[in-house]
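Subject: Structure handover

Hello,

Here is the structure I promised to pass on. Please open it and keep it beside you while you read.

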Amino acid sequence: MKVGQFELDEKGVLSGPAAYMKEQGTAKLDRILAGNDAGFNAMTAVRPDIPVGQMVLVALQTDYAGWVGMRQMFGAARAR
């Protein structure tokens, strides 16, 4: 299954953008798996009908979009 830049294969192997995963994504995934990510917990409570694997991908894609946006913003600010 794939959501945006993230994929979970049939063996349960997660893949996504390497730089994001190294800098922020692995920590995000660890919080999700530990039950310590309030946004993810709220999302699964509201939509228990959506498979957890798909919810994980959505959470990572959403966080990734914010990460990309912040990097672009800081890059533009440095260029001034």
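Predicted model: local features only at pLDDT ≥ 70, side-chain atom pairs only at ≥ 80, totals over all residues.

Start with the strands. There are three of them, and they form an open sheet in the order β1-β2-β3. The pairing is antiparallel. At the edges sit β1 (2-3) and β3 (14-15), each of which pairs on one side only. Strands in a sheet pair through backbone hydrogen bonds, and they can run parallel or antiparallel. Here, β2 (residues 6-8) joins β3 through two bridges, in the antiparallel sense. Look for Leu-8: it stands opposite Leu-14 in β3.

**The core**

Next, the inside. The largest nonpolar core has 14 residues. Those that touch the most other members are Phe-6, Tyr-20, Ile-32, Phe-40, Val-56, Leu-60 and Tyr-64. Helix α3 gives the most, with seven residues.

Setting aside residues up to four places away in sequence, Leu-60 touches Phe-6, Leu-14, Tyr-20, Gly-25, Lys-28 and Leu-29.

Then try Ile-32, which lies in helix α1. Ile-32 counts as buried because its relative accessibility is 6%, and buried means under 20%. Beyond its neighbours within four places in sequence, Ile-32 is in contact with Asp-37, Phe-40, Val-56 and Ala-59. Val-46 is 14 residues from Ile-32 in sequence, and the two are 16 Å apart in space, C-alpha to C-alpha.

**A lysine to check**

Is Lys-28 buried or exposed? It is buried, with a relative accessible area of 11%. Lys-28 is placed in helix α1 (residues 18-34). Its contacts, not counting residues up to four places away in sequence, are Tyr-20, Asp-37, Ala-59, Leu-60 and Asp-63.

**The surface**

Finally, the outside. Which residues form a nonpolar patch on the surface? They are Met-70, Met-73 and Phe-74, with about 290 Å² of accessible area together. Met-73 belongs to helix α3 (residues 52-79). Its relative accessible area is 44%, so Met-73 is partly exposed. That class covers values between the buried limit of 20% and the exposed limit of 50%.

Best wishes

Definitions and conventions:
Residues numbered from 1 in each chain as written. Heavy atoms only, no water. Patch = residues over 30% accessible without salt bridge, like charges linked within 9 Å, V, L, I, M, F, W, Y side chains within 5 Å. Areas by Shrake-Rupley, 256 points an atom, 1.4 Å probe, with all protein chains shown as cover. Salt bridge = Lys/Arg side-chain N within 4 Å of Asp/Glu carboxyl O. Helix = DSSP H or I, 4+ residues; strand = E, 2+ residues; numbered from the N terminus. Buried < 20%, exposed > 50% of the residue type's maximum accessible area, 1.4 Å probe, protein only. Contact = heavy atoms within 4.5 Å. Pairing = 2+ DSSP bridges. Core = buried A, V, L, I, M, F, W, Y, C linked by side-chain atoms within 4.5 Å.
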